[in-house]
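Please examine the sequence and the model before reading the solutions.

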Amino acid sequence: MKLLVKLAWRNIWRNKRRTIITLSSIFFAVLLALFMRSMQRGSYQRMIENSVEMHSGYIQVHRDGYWDNKSINKLLEENEAIGQKLVAEPKIDFYIPRLENFALAASEKLSKGAMVVGTAPEEENRMTKLADKVKEGRYFTTDDNHLLIAKGLAGYLKLGVGDTLVLIGQGYHGNNAVGKFPICGIVDLPNPTLNNSMVYMPIALNRDFNSAPGMATALVIALQSYQDVEMVEKSLRASLDEEYEVMGWDVLQPELVQLIQSDNAGGIIMIIILYIVIAFGIFGTIMMMTVERIKEFGVLIAIGLQKTKLISLVFIETLLIGIVGLLASLLVGIPLLYYMYLNPIYLTGDAAEGMQKMGLEPIMPFSLQPAIFTSQMIAIGIIVFICLLYPLSTIRKIHLIDALRA
C-alpha cells in the first residue's frame, strides 16, 4: 500500500501543469463555496436573531388556541407555578410577560387603531433594546403610569412628550377599557408597520386598563442561543399542561422562514452549478491522464502487474488530487472565514437603509458552523468518486495487445 501511494504521488506530478490546473479549480471552487455558504448562514442567523429579538422572542407560551384566535378573552394567568417551570429550564435566559390588545388611540382631533403592549420594562429592554430606541423623553419604569408611543403613531396623532393619549378598547370579559395616559417618551422603531401602530406601557398599568389582573396574552421567552429553540420547545410541551400552547419563532414568523428557505434554495442552486463545472474539470484531467497512459498500463500489465493493483493506483492518484485541493482550500478558507466572522462587512448607503427599515442590522455577518465545511468535503468526495468510474472502467476493459500498440 505504501508503495502504491508513493507511485501515485509521483505519477500526479509527472505533468505538473495539468495537476496544478486541476488543484486550482478545486481550490477556488471550494473557497468560493465556503465563502458563499458562510455568508448565507451568517445572514440567516443574524436575521433570526434580529427578528425574534425585535419583538416575538424565540418561543412564546399562550393559552391554548390564542394564536388562531387572538382574543382578549383567551388570556393565561401568570402564576408562580408556570414561572417556576420556565425558570427551571436551563436553556431559558429569561421570560417576559406581555399583555397585548388592540385599542383606538386618540388625541384631541385625530384617532387611529393601535397595538397596546403591556410589558415588563427591564426584561423588554434586555431583549428588544427598547430603551435605545427612545428618541424623545424617557424610558418607562415598572410602577410608571406613563406610556411610550411609536414615532409614526405620535406624528399622525400630533402628540409629543408630556401630551395625553386617550385609549378606547374592549377589556377582559367585555369590560370597557378606556383611559387617558400621559406620554413619557417617543420610540423610533425600525419596522415601519410597528412604528405606525405601537404603544408600550408597564404590564401592571395595561392589566388595570383591561381589567385583567395577573393575566397575560403571552410569556415571551429569550434563550441563550437560537439553536436551542427546538429542544426547549419539546421540553416545555412535555412539562406544561394542555391548557398552554408552546410556539417557536418559526411558527410565529412564517414569512421569515419562507424568506430564508427561498434564499437558501437559490444559494444551493448556485453551488450545484459551481460543482458541476468543477466536476467537468476533474473529469477532463482524469480522462486525459487515462488516455495518455494506455500504453503505460499495457506495459505494466505485461510485466505482471495485476489489474486490481493498477485500478488501486489510479484510485489513489485521483483521491490524492481531491484531498490536496480540498486541504489547500480549507487551509486558506478557515482563517479567512474566521477573520470575516470577527470582522463582518458593514453596509452603507441605500443597502444599509433598506435593511434598517426591515428592522435588520446593516451588516453581512459570516458563520463558522461545522456543516459548512463538512458539506464541501462530502461534495468533493462524491465528485472524485464519480470521476473515478471512467479510468476504472477503461482499465477493466483494457486489451493487452491493443494497449501495447497504442
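**Exercise 1: Surroundings of Phe-297**

Not counting residues up to four places away in sequence, Phe-297 touches Thr-290, Leu-310, Val-314, Ile-395 and Ile-398, where contact means heavy atoms within 4.5 Å. The model is predicted: local features need pLDDT of at least 70, side-chain atom pairs count only at pLDDT 80 or more, and totals for chains, interfaces and linings use all residues. Residues are numbered from 1 along each chain as its sequence is written, and side-chain values use heavy atoms, with hydrogens and water left out.

Task: Determine whether Phe-297 is buried or exposed.

Solution. Step 1: Phe-297 is located in helix 11; helices are DSSP runs (H or I, at least four residues), numbered from the N terminus. Step 2: Its relative accessibility is 1%, so Phe-297 counts as buried (buried means under 20% relative accessible area, with a 1.4 Å probe and protein chains only). Step 3: Between the C-alpha atoms of Phe-297 and Lys-307, 10 residues apart along the chain, the separation is 9.0 Å.

**Exercise 2: Helix 12 and helix 14**

Task: State how helix 12 and helix 14 pack, and which residues make the contact.

Solution. Step 1: The two helices pack at an angle of about 160°, and their axes are 10 Å apart; axes are lines fitted to C-alpha atoms over the stretch in contact, and angles run from 0 to 180 degrees between N-to-C directions. Step 2: Helix 12 is therefore roughly antiparallel to helix 14, a class for angles over 145 degrees. Step 3: The contact involves, among others, Gly-322 and Leu-326 of helix 12 and Ile-380 of helix 14. Step 4: The contact residues divide into 11 nonpolar, three polar and no charged; Ala, Val, Leu, Ile, Met, Phe, Trp, Tyr, Cys and Pro count as nonpolar, Asp, Glu, Lys and Arg as charged, and the others, Gly among them, as polar.

**Exercise 3: The largest nonpolar core**

Task: Identify which residues touch the most other members of the largest nonpolar core.

Solution. Step 1: A nonpolar core is a set of buried Ala, Val, Leu, Ile, Met, Phe, Trp, Tyr and Cys residues joined through side-chain atoms within 4.5 Å. Step 2: The largest has 41 residues, of which Ile-26, Val-30, Leu-34, Tyr-275, Ile-282 and Ile-380 touch the most other members. Step 3: Helix 12 provides the largest share of this core, 10 residues. Step 4: Leaving aside neighbours within four places in sequence, Ile-380 is in contact with Ile-26, Val-30, Tyr-275, Gly-322 and Leu-326.

Conventions: Buried means under 20% relative accessible area, exposed over 50%, partly exposed in between (1.4 Å probe, protein chains only). Angles under 35 degrees count as roughly parallel, over 145 as roughly antiparallel, 65 to 115 as roughly perpendicular and the rest as oblique.
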